[in-house]
Amino acid sequence: MSAGHPDARPRRRSPGHLAVIDMQRVFADPASPWATPRYADAAAGVRALLPAFAGRVTFTRFLAPERPAGAWRAYYDRWPFARRPPDAGLWALTDEFTGLADHVVDATTFGKWTPALAARTAPDDRLVLAGVSTECCVLSTALAAADAGTEVLVVADACAGVDDDSHVKALQIMELYRPLIRVTTIDDLLAQAGP
């Protein structure tokens, strides 16, 4: 096939599978002890990404275990407000995402690379991460997925941390894992996935 043949154009790669990490009321509510100050920025980034991943999106939720074990006991001693059942309002996805979440994976761990999420990500596909918080659940999910051999892209401007400094430091740490984990932006990711 000659370089001038129309089929010789480079093919755009599928954007992969988008995991929207923990876009829940407990992280959005400014009065919450776990409030993420730039939650609204991350939410806007997620909304910008969703159309490119139609049918390939999983939302996750962090939940408290019914009976914390091991070191989690001390964690929930520190954060007793979070000892709530899965149907408590604080664990709900924020209103803007409830109608969009066709697939939801719940986990009582920071990392959301669970068998359920792994099953929704094709073996040779990439996992794209957005959500909160960058230095906790996003980071934990990225590392576990990378260890499993999955290519991971973290969309910096569709994530938010407990503060700006922690967000930036977490992104810098994940960049150290290249090529297993790469940090990207909404614009760059959508440009790669465009027609």
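Pro-179 sits in the loop between helix 7 (164–175) and strand 6, where helices are DSSP runs of H or I of at least four residues and strands are runs of E of at least two, numbered from the N terminus. The peptide bond that leads from Arg-178 into Pro-179 is cis, with omega near 0 degrees. Before we go on, please keep in mind that this is a predicted model, in which local features need pLDDT of at least 70 and side-chain atom pairs count only at pLDDT 80 or more, while totals for chains, interfaces and linings use all residues. Residues are numbered from 1 along each chain as its sequence is written, and side-chain values use heavy atoms, with hydrogens and water left out.

Follow the chain onward to Thr-184, which belongs to strand 6 (residues 181–184). Thr-184 is buried, with a relative accessible area of 9%; buried means under 20%, exposed over 50% and partly exposed in between, using a 1.4 Å probe and protein chains only. Beyond its neighbours within four places in sequence, Thr-184 has contacts that include Leu-153, Val-154, Val-155, Ala-156 and Asp-157, as well as Leu-189, a contact being heavy atoms within 4.5 Å.

Two more backbone features deserve a visit. Most residues other than glycine have a negative phi, and most peptide bonds are trans. Val-132 and Ser-133 are joined by a cis peptide bond, with omega about -20 degrees, and Ser-133 lies in the loop between strand 4 (126–132) and helix 6 (134–147). Asp-22 is not a glycine, yet its phi is positive, at about 55 degrees. You will find Asp-22 in the loop between strand 1 (17–21) and helix 1 (25–28), and it is buried, with a relative accessible area of 0%.

Now step back to the whole chain. It has 8 helices and 6 strands, arranged along the sequence as β-α-α-β-α-α-β-α-β-α-β-α-β-α. The radius of gyration is 17 Å, close to the 16 Å that the globule rule gives for 195 residues, so the chain is as compact as a globular protein of that length; the radius is taken over C-alpha atoms, and the rule is 2.2 Å times the number of residues to the power 0.38. Buried residues make up 45% of the 195 residues. Of the contacts with a separation of 6 or more, 78% link residues 24 or more positions apart.

Finally, an unreviewed UniProt entry lists residues 19–178 as "domain: Isochorismatase-like"; such annotations may be inferred rather than shown by experiment, feature names are shortened, and positions are in the numbering used here. That span is 37% helix and 19% strand, and its end C-alpha atoms lie 19 Å apart.
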